[in-house]
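User: I'd like to learn how to read ring contacts and sheet layout in a protein model. Could you walk me through one?

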Amino acid sequence: MKSTKTDDGLVTGKIIGAGNYIPDEIIPNLFFDQHHFISKNGESLKESNTVIAQKLKEITGIEERRYASAHQVTSDLGLIAAKEALEHSKIDPETIDYIIFAHNFGDVRVGTVQSDAVPSLAARVKHLLKIKNNFCVAYDVLFGCPGWIEGVIQANAFIRSGIAKRCLVIGGETLSRVVDIHDRDSMIYADGAGAVILEASHDDSGIKAHLSASHTLNEKDYLYFGKSYNNESCPDTKYIKMEGRKIYEFALMNVPEAMKICLEKSGYSIDQLSKIIIHQANEKMDEAIVKRFYQLYDRPMPDNIMPMVIEKLGNSSVATIPSLLKMILNGELASHQILRDDIILFASVGAGMNINAMVYKF
């Protein structure tokens, strides 16, 4: 694992603006009532769709999710989130040195099966923001669900090296365009986008430590692109697939330890944590990860430490953490807030299999 402490008195990246885009189209679990769900072996599932939806709610916490409108693609969602972050930060877009867009599937239009990522989604957002500065560098990050945190880590490295003063980091996805409608796992996925502006800062706030890891020897294909479970579908069309049980076991074994290493590198104690903002992948899994993290310190998981919005928003991959962060900062979650000097631990796990964590002082 690569772990870095950044609290050394030097410049660091500070969040000065946040934005998100939560699509208007609400998709309740009832939406899937007429779907024909099939097993990996190509056999129809024996349970009714009502029972399948109920089990989904019990395991993941998801009651509904959001889908992008038919005319929108991932870069459109990212643009809206970026504009909101820029408005919040009150900076001139021409002063941005890097635009980093984390996603996994590019722009996938309704009715197509092709991913479009040329030019990069970051370049598309820069174009639509009408930024004239040729030295504002725009590129994409493909790092699974932890992509947005990884983008922030990269932006912070640019800031600390002195080659950047301001960076825009976006996380966006339209997973509804890459799901197999015959796979019950398709019910988990959602669309959305989130973004932040990071600025060079010399004060005591900002990124204090971070960690990244890629487990590829045996775990590479826990999340992958595969054919439909319906054998009559076009075999050349691929969809997002996952080995749910393996991912759950992998996350519980590896993420808490990564969080612990990152926290200890920061110099803060576990009692100083105000919130843990974790990728909204699966409510049961996230609770188990955080509980195990506290068990590493022989402590119970505190009440209200882990904000969750997966119940209403589903799993939108790279968009979950920045979207949730903006909601908390904007006072949209009644029971959660972030105050000055609060210590926040961010963590994510996803395709790769990649893990990362970050300690941030507000």
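Predicted model: local features only at pLDDT ≥ 70, side-chain atom pairs only at ≥ 80, totals over all residues.

User: How do I read the geometry of a pair, say Y98 and F158?

Analyst: Planes under 30 degrees apart count as stacked. For Y98 and F158 the centres are 4.0 Å apart and the planes meet at 10°, so this pair is stacked. The pair also links distant parts of the chain: Y98 belongs to strand 5 (residues 98-102) and F158 to helix 4 (residues 147-161), 60 residues apart. Y98 is buried, its relative accessible area being 13%.

User: And what kind of pair do Y222 and F250 form?

Analyst: That one is edge-to-face, with 6.3 Å from centre to centre and 85° between the planes. The angle decides the class, because planes over 60 degrees apart count as edge-to-face.

User: Which parts of the chain does the pair of Y222 and F250 tie together?

Analyst: Y222 sits in the loop between strand 9 (206-214) and strand 10 (223-227), while F250 is in helix 5 (residues 244-266), so the pair ties together parts 28 residues apart in sequence. Both Y222 and F250 are buried.

User: Which residues form an aromatic cluster?

Analyst: F31, F32 and Y67 form one cluster.

User: Where does the charged end of R245 sit?

Analyst: For a charge and a ring, check the distance to the ring centre and the position relative to the ring normal. The charged end of R245 lies over the ring of Y248, 5.2 Å from its centre. Likewise, K260 places its charged end over the ring of Y297, at 5.3 Å from the centre.

User: Now the sheet: what is the order of the strands in the open sheet of five?

Analyst: The order reads 2-8-7-5-6, and the pairing is mixed. At the edges are strand 2 (12-21) and strand 6 (137-141), each pairing on one side only. From one strand to the next, the twist averages 20°. Strand 5 and strand 6 run parallel and are joined by five bridges. Within strand 6, V141 stands opposite A102.

User: Which strands does helix 2 lie across?

Analyst: Helix 2 (residues 74-89) lies across strand 2, strand 5, strand 7 (166-174) and strand 8 (191-201), and runs at about 125° to strand 2. Helix 8 (residues 320-329) lies across strand 2 and strand 8, at about 90° to strand 2.

Note on methods: Residues numbered from 1 in each chain as written. Heavy atoms only, no water. Phe/Tyr/Trp six-rings, centres within 6.5 Å; stacked < 30°, edge-to-face > 60°. Helix = DSSP H or I, 4+ residues; strand = E, 2+ residues; numbered from the N terminus. Buried < 20%, exposed > 50% of the residue type's maximum accessible area, 1.4 Å probe, protein only. Lys NZ or Arg CZ within 6 Å of the ring centre and 35° of its normal. Pairing = 2+ DSSP bridges. Axes fitted to C-alpha atoms, helices over the stretch in contact; angles between N-to-C directions. Contact = heavy atoms within 4.5 Å.
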